[in-house]
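Group the points by topic and give the cut-offs behind each term.

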Amino acid sequence: MAVDAHNLGEFASISDAWKLYPNGGGFGDYITVNGVRVDWNEYSRSWGEQTETGGTTRPDEVVPHSIDVQGTGTFRDGVKVGSYVKDTSGANIDQFGNAEFRNVQLDALMVKYGNDFVPLSEFIKTFKTELPPDWTEYTEIPLFDDVRLLVFDENSSEKFYTTIGALKAVIGSGGSSGGGTVNIEIIRSDEPDKTPTDNNVFSALRTLLEITKAIKAEGEDLFLSKINPDTAAALIKFLAGSEFGEFIPGMFGGKGAKIDSNGNIEATSLRLRALLEVPELRYNRLTVIGDEFILTENALIESVQHLVDRSYKLNIKLEEGEAIAYDAGTLIKGIFNNAATSGTVATSYMRIEEVGPTFIKITLANDVDVPTGYNLPPQPFMNVARVGHVTDTNKQRYMVFSSRFGGYQLYDGASDFMNGTLVASFDVAQSFKSKFNNLPLKEGLPYVYAAGLVVQDIIRVDYQGVSIREIYDRGPWQSGVTYYNNDINGTDDVWHLGCRWRCFSAFTTEEPSWTSAAWTMIEGRSDARMEFDSSNGFAFFAGNVDTVITPVVFIGNTNVSADIVEEQWSWIRESGDPAADNIWNIQRGSGRLLQLTTVDMGALWSKTNPVRFTCTATYPASSINNITSYIEV
């Protein structure tokens, strides 16, 4: 017999229950008082006193750990597992038994069938079918006659199949096969009285007759003729392009014409009566422009109206949505092939006085105020470009590519047509030459003129185009560094032993010296040397060392020791005991004279293990002029 864990016992009074359970009960607990059941009220924390809305249910609880239910557990309002988000994460079972899981692994899935639970596979068999297939597991097959198809007879439990060929035969004959009948009626061309429905079809010939009838009913031709001259009353689109005549591609020997789907045209000739407007003109892949190409705002004059004196109204050709880019005070320039002067090219200089939606009003500058000495009035179809501004300094700069100068020029500060300043150029004419005196420029060669130059690599060549090797001063020579003398890296100079050395090898890490094949001295004295003097000789017995060593530096036969200050003399000891030598070197510090005693010789000193004292002097006071020598005691 099952024991009810929520039954806390029978009591004579509620007070007796409090004595036994001083903390009260839990959710679902109850007691019996004089034969009457009294439930624990979780919300009022008391026995009894429950109302219909006074806490008959307990709030949701969150258990932050796993629960192992031994035996039977009851979750009256369902249970949620993990971070449950519908159709996304976690799991949930509601109070009605509906469950949602991400993955389920079962040995067998039982399904309720009638009053019993049966395996899912047995349940499916009762419907004489199978689960829907996973189409990705199957390979698609062409429908040839021998392909088999499963078919079902609702009046039979037997399994049947048929073939594509059998289906085609039944459909084609309009007859029947087995237990079913298929009838497809075809309306022929000689059966005008047959009414078309959803259950019959036109033959091919009858379809053509119906199309012809529909065309005649419209009262006009709906198709263009392929063999007779014809007219199209509406827009015709050629999505793949079109060809005219016998088309043979090619610049030379080609014939006919073609327009492809991208709008590219190849034809023999083109005749235009008004205007050709293109961003680029090419002949045999050569881009052609006029004498000057100005990089500023530009416009095309469509027509010219003379107002009075030197005032003109210029109507500007604009595309849809385009606006005139100029304002009052802008200085513009245009070049035109002037037929009145035997076909010569003339220039027009104008100052804009007013800007309208589609026109500008200008004043033609006087001849004496323009560089050419003659100012051509504006002409229709003349291209004009900004070349300055009367007051706006931001619009007084422009760039010109000129075939006359053979390069480009950058001008600034153009407040009229005469005072623009050349601030940069790159041209054969050396347009900046007049700004400087006696520049050694070679005629016919382009030179660059600019306020500054930032460059990563410069390769110099002679007049024959042969590379000139650059020489780089690499400073004091450093051990382990590679130095070069080749066309790629140039030639390196270093400073060492008071001299300047030039690398003589393609690359080397060797120390420069007078006997080195990798270096050659190009600056400095080769006879700098250091000698030593001892106040008590250079031979000593153990425990009897006491002398003063004085280094002397000579340049040639000149003693320059007095020119070297105390801080530029240093001594290093090498006794075979690196740790002790390091302490001695630190304590010794700088200074010319070396006071030697027995203590200075170290613990390892012997006749077979002499101690070396190395002296370094700097002359003059620069790290590139170190002179070093040593004595062994």
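Ile-93 has Ala-99 in strand 7 as its bridge partner. Strand 6 (residues 89-93) and strand 7 run antiparallel and are joined by two bridges. The model is a predicted one: local features need pLDDT of at least 70, side-chain atom pairs count only at pLDDT 80 or more, and totals for chains, interfaces and linings use all residues. Residues are numbered from 1 along each chain as its sequence is written, and side-chain values use heavy atoms, with hydrogens and water left out.

- Strands (E, at least two residues) and helices (H or I, at least four residues) are DSSP runs, numbered from the N terminus.

**Nonpolar cores**

- The largest nonpolar core has 23 residues, of which Met-530, Val-553, Trp-571 and Phe-613 touch the most other members.
- Two or more residues of this core come from each of strand 40 (528-534), strand 41 (546-555), strand 43 (569-574), strand 44 (594-597), strand 45 (612-618) and strand 46 (626-632).
- Another core, of 17 residues, lies apart from it and includes Tyr-312, Ile-316, Ala-346 and Leu-364.
- A core here is a set of buried Ala, Val, Leu, Ile, Met, Phe, Trp, Tyr and Cys residues joined through side-chain atoms within 4.5 Å.
- Buried means under 20% relative accessible area, exposed over 50%, and partly exposed in between (1.4 Å probe, protein chains only).
- In soluble globular proteins, nonpolar side chains tend to be buried together.
- Leaving aside residues up to four places away in sequence, the contacts of Phe-613 include Trp-571, Trp-584, Leu-594, Leu-596, Met-601 and Ile-631; contact means heavy atoms within 4.5 Å.
- Arg-573 and Asp-600 are also among the residues that Phe-613 touches.

**Aromatic pairs and charges over rings**

- Twelve aromatic pairs are found in the whole structure.
- Phe-11 and Tyr-21 have ring centres 6.4 Å apart and planes at 80 degrees, so this pair is edge-to-face.
- Phe-11 is in strand 1 (residues 7-11) and Tyr-21 in the loop between helix 1 (14-20) and strand 2 (30-33), ten residues apart, and their pair links distant parts of the chain.
- Phe-11 counts as buried at 12% relative accessibility, while Tyr-21 counts as partly exposed at 25%.
- Trp-40 and Trp-47 also pair edge-to-face, at 5.0 Å centre to centre with 70 degrees between the planes; both are buried.
- Rings of Phe, Tyr and Trp (its six-membered ring) pair if their centres lie within 6.5 Å; planes under 30 degrees apart count as stacked, over 60 as edge-to-face and the rest as tilted.
- The charged end of Arg-37 sits over the ring of Tyr-30, 3.7 Å from its centre, and that of Lys-313 over the ring of Phe-359, 4.5 Å from its centre.
- For a charge to sit over a ring, NZ of Lys or CZ of Arg must be within 6 Å of the ring centre and within 35 degrees of the ring normal.

**Salt bridges**

- The structure has 20 salt bridges, each defined by a side-chain nitrogen of Lys or Arg within 4 Å of a carboxyl oxygen of Asp or Glu.
- Arg-469 and Asp-487 form one of them (2.8 Å, N to O).
- Arg-469 lies in the loop between strand 33 (467-468) and strand 34 (471-476), and Asp-487 in the loop between strand 35 (483-486) and strand 36 (490-496), so the pair ties together parts 18 residues apart in sequence.
- Asp-487 is exposed, at 58% relative accessible area, and Arg-469 is partly exposed, at 37%.
- Arg-573 bridges to Asp-581, with the closest N and O atoms 2.9 Å apart; both residues are buried.
- A network of salt bridges links Asp-493, Arg-500 and Arg-502.

**Positive phi**

- Most residues other than glycine have a negative phi.
- Asp-309, not a glycine, has a positive phi of about 50 degrees, and lies in the loop between strand 22 (298-308) and strand 23 (311-316).
- Gln-430 has a positive phi near 55 degrees, and is in the loop between strand 30 (421-427) and strand 31 (447-449).
- Asp-309 counts as exposed at 65% relative accessibility, whereas Gln-430 is buried at 3%.

Note on methods:
Two strands pair if DSSP finds at least two bridges between them.
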